[in-house]
Amino acid sequence: MALEPVQVFPNKGQGHVVYMEMALKQATKAFEMDEIPIGAVVVENGAIIGRGFNQRETLKDPTAHAEMIAITAAANTRGDWRLNDSVLYVTKEPCAMCAGAIVNSRLKMVVFGCYDEQEGCCGSLYQLCGDPRFGIKVAVQGGILEEKCLGLIQEFFQLKRKDQ
């Protein structure tokens, strides 16, 4: 059964920053659960239709990335795997697995916070979302609240190193 999406700040003309702040709130939940702090939200017509944060350690699931959880939640909310009119906001550039899910769910756009030069597949290492061989092109914009998103991840790993 599909759930009704939640309208957030109706008619306030939110931009990418507002939704990235919401993704950061999801990342903070991951941080509090001792997970790498990455968060994501899926937005359609100004409404949040999916949320997620990294839960790989908690769920003992290598696919439990923030993006995967948010995309699954959005598909459940819509009652359809096709998310053609939706935008994914995620605090870190998606990896190959998540970029594949973005393409396969037919998201209209992905907006991310910090770049991932080692594993990012939305522009840094590879541009999976824009590869014309897939026949589906997803728009990509990176660097939204980049310092804030990167800062949370850096803080997490600094604390981890300190605890060792």
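Helices (H or I, at least four residues) and strands (E, at least two) are DSSP runs, numbered from the N terminus. The model shown is predicted: local features require pLDDT of at least 70 and side-chain atom pairs pLDDT 80 or more, whereas totals for chains, interfaces and linings use all residues. Residues are numbered from 1 along each chain as its sequence is written, and side-chain values use heavy atoms, with hydrogens and water left out.

**View 1. Helix H1 and the elements that cover it.** The buried residues of H1 are Tyr19, Met20, Met22, Ala23, Leu24, Gln26, Ala27 and Ala30; buried denotes under 20% relative accessible area, exposed over 50%, and partly exposed in between (1.4 Å probe, protein chains only). An α-helix has 3.6 residues a turn, so residues three or four places apart point the same way. The cover over the buried residues of H1 includes E2, strand E3 (47–53), strand E4 (86–92), strand E5 (109–114) and helix H5 (146–163). Just after H1, Asp34 adopts a positive phi of about 60°.

**View 2. Pro37 in the loop between H1 and E2.** Pro37 lies in the loop that joins helix H1 (16–32) to strand E2 (39–44). Its relative accessible area is 1%, and Pro37 is therefore buried. Residues up to four places away in sequence aside, Pro37 touches Ala27, Ala30, Phe31, Thr91, Leu152, Ile153 and Phe156, where contact means heavy atoms within 4.5 Å. Pro37 and Thr91 are 54 residues apart in sequence, yet 8.5 Å separates their C-alpha atoms in space.

**View 3. Strand E2 and its two partners.** E2 is mostly covered, with six of its six residues buried. Gly39, Val41 and Val43 point one way from E2, while Ala40, Val42 and Glu44 point the other way. In a regular strand the side chains alternate between the two faces of the sheet. Two strands are said to pair if DSSP finds at least two bridges between them. E2 pairs with E3 in the antiparallel sense over six bridges, and the bridge partner of Val41 in E3 is Arg51. The hairpin of E2 and E3 has two residues between the strands, and in this hairpin Asn45 takes a positive phi near 50°. E2 and E4 also run antiparallel, joined by five bridges; here Glu44 has Ser86 of E4 as its bridge partner.

View 4. Five bridges pair E4 with E5 in the parallel sense. The chain passes from E4 through helix H4 (residues 96–104) to E5, and this β-α-β crossover is right-handed; that is, with the strands pointing away from the viewer, the path from the first strand over the helix to the second runs clockwise. Lys92 stands opposite Cys114 in E5. E5 also runs parallel to strand E6 (residues 139–141), the two being joined by three bridges, and Met109 has Ala139 of E6 as its bridge partner.

**View 5. The largest nonpolar core.** A nonpolar core is a set of buried Ala, Val, Leu, Ile, Met, Phe, Trp, Tyr and Cys residues joined through side-chain atoms within 4.5 Å. The largest such core has 41 residues, and those with the most contacts inside it are Leu88, Tyr89, Ile102, Val110 and Cys129. At least two residues of this core come from each of H1, E2, E3, H3, E4, H4, E5 and H5. H1 supplies the largest share, six residues. Apart from residues up to four places away in sequence, the contacts of Leu88 include Ala40, Val41, Val42, Ile102 and Val110.

**View 6. His65 and the cysteines.** His65 is located in the loop between helix H2 (56–59) and helix H3 (66–78). With a relative accessible area of 16%, His65 is buried. Beyond its neighbours within four places in sequence, His65 is in contact with Asn54, Arg56, Cys95, Met97 and Cys98. The structure holds zero disulfides, a disulfide being a pair of cysteine sulfur atoms within 2.5 Å. For Cys98, the nearest cysteine sulfur is that of Cys95, 3.8 Å away. Cys98 counts as buried because its relative accessibility is 0%.
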